[in-house]
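Hi there,

Here is the structure I promised to pass on to you.

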Amino acid sequence: MAGVFTVVAGVVSNHFPGVPPPPLVLGFHVGVRMLLMTSGAFVAIRMGQIHLVLEYFTKAVPDFFIVAMCLRQGPWVRQGLAAIVVVSFVGSIMLSLYSHSVVVLPSGIGMAFFGLSLLFLRALAIRRSKRLVREDQARYDRLYTSLVQAEDSKVEIEHLGKVVQMIGLDEKNNCQQYNHLLVSMLPPRQRTQHYRNSSTQIPVNPLFLDLDRVFIPGRTDPDSKVTSINQLYASAAISFKLMCPLIKAWAEKSDGMFKLRNRGGVSSDASSSESEPVFVKWNDVKGDADKMQQIVFPTLKRFGRAVEKLLRSYGHDPSKLLDICRHCIIFATVSDLTRALGSIITDENVRVERLKNRLSPDHSSDETGGYRDVCLNLRLVKKEAMSLGVDTHMCEVQLILLDFAKLRTSEGHKRYVEARNQLGV
């Protein structure tokens, strides 16, 4: 019956927004059964019926994991399935031994078989996803191998690694999107001191004053994560505009390149697989208005993809979305890329929070399907960002080698998306 209601909810919820989504419907029905089984177990305890206690708990505990998976979802569903298999199988064995019967609880064995079946299907999906990107990963791996074998690029990659090590940012740093620290959250003495010194501080947009959201520029509240994806997109839209001049300045200092539109007026990476994307140095076009119009800058992350990541990978936590506002710069050599990295790190308009050096030999290409770049997560700390309240918003900047950028084709991206959907990430 729970399965029927879940299927109906899946069909109806697409047309009627007020209908609960299928996971909640399934979780509700299984949760009711879990409560009934738990109540039965306690009644059996009072009656001294140990075999009934084992039977009820063997049914209730797997139901608990199902309810948890329905409510939380996310990447740990596999662990939940494994727990269902173990609890169901062990519970059935214990009950069989207690009752001196070979099979006493077919439902427990059935639940274990169900969990094993899902794990098997999951393994097939992982295998299929790896097969989809195998050829693309092999091309990326061959490219990287040629880079580390060439003497000049090998030295440049080693120098990049030393620079990253000197910067000292941990790529595993758990960056998240946080709200501002509000003045109202300060102790009375510090609050009074803040208002006393407000004349020397950066002016804040009057809108925040009208909303009684007076905050301290540049200060995040570690106890207040962003919980609204709409808030993230509003901040990202402003941050994106403020980032554009900085991206161009960094590209100017390091011979950085950007993608050009093809003759059909669309992005060069959206053309047919036979057409190679075209890139141009910013220094060669920055004074030509016509050529500048042909440059294709990244856009904000597609809203549908952001929702997918929330459901599949981030457990409904919007604060983990760090790449809604994203930019990229292309470089012909690792040396140019390293110069750009130095410009970004020393730029007083931004504060880099995390740095991932995927050009390092220590990076496993399996994690990114062979693709490699240098990825930074940073916040804008320039005056305009502070006055507009986006100085706490985390953005992403990718520094990409030209050879890797040329290998990125529309067909390859389609295969990557299909593989990503197979993995459910």
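Below is what I found, from the whole chain down to single residues.

This is a predicted model, in which local features need pLDDT of at least 70 and side-chain atom pairs count only at pLDDT 80 or more, while totals for chains, interfaces and linings use all residues. Residues are numbered from 1 along each chain as its sequence is written, and side-chain values use heavy atoms, with hydrogens and water left out.

The protein chain has 17 helices and nine strands (DSSP runs numbered from the N terminus: H or I of at least four residues for helices, E of at least two for strands). Of its 425 residues, 40% are buried (buried is under 20% relative accessible area, exposed over 50%, partly exposed in between, with a 1.4 Å probe and protein chains only). Take the contacts (heavy atoms within 4.5 Å) between residues at least 6 apart in sequence: 73% of these join residues at least 24 apart.

Now to Asp 255, in the loop between α10 (229-254) and β3 (257-260). Its phi is near 55°, a positive value in a residue other than glycine. Most residues other than glycine have a negative phi. Asp 255 is partly exposed, at 26% relative accessibility.

What about Glu 367, buried or exposed? Glu 367 is exposed, because its relative accessible area is 64%. You will find Glu 367 in the loop between β7 (350-357) and β8 (374-380).

Enjoy exploring!
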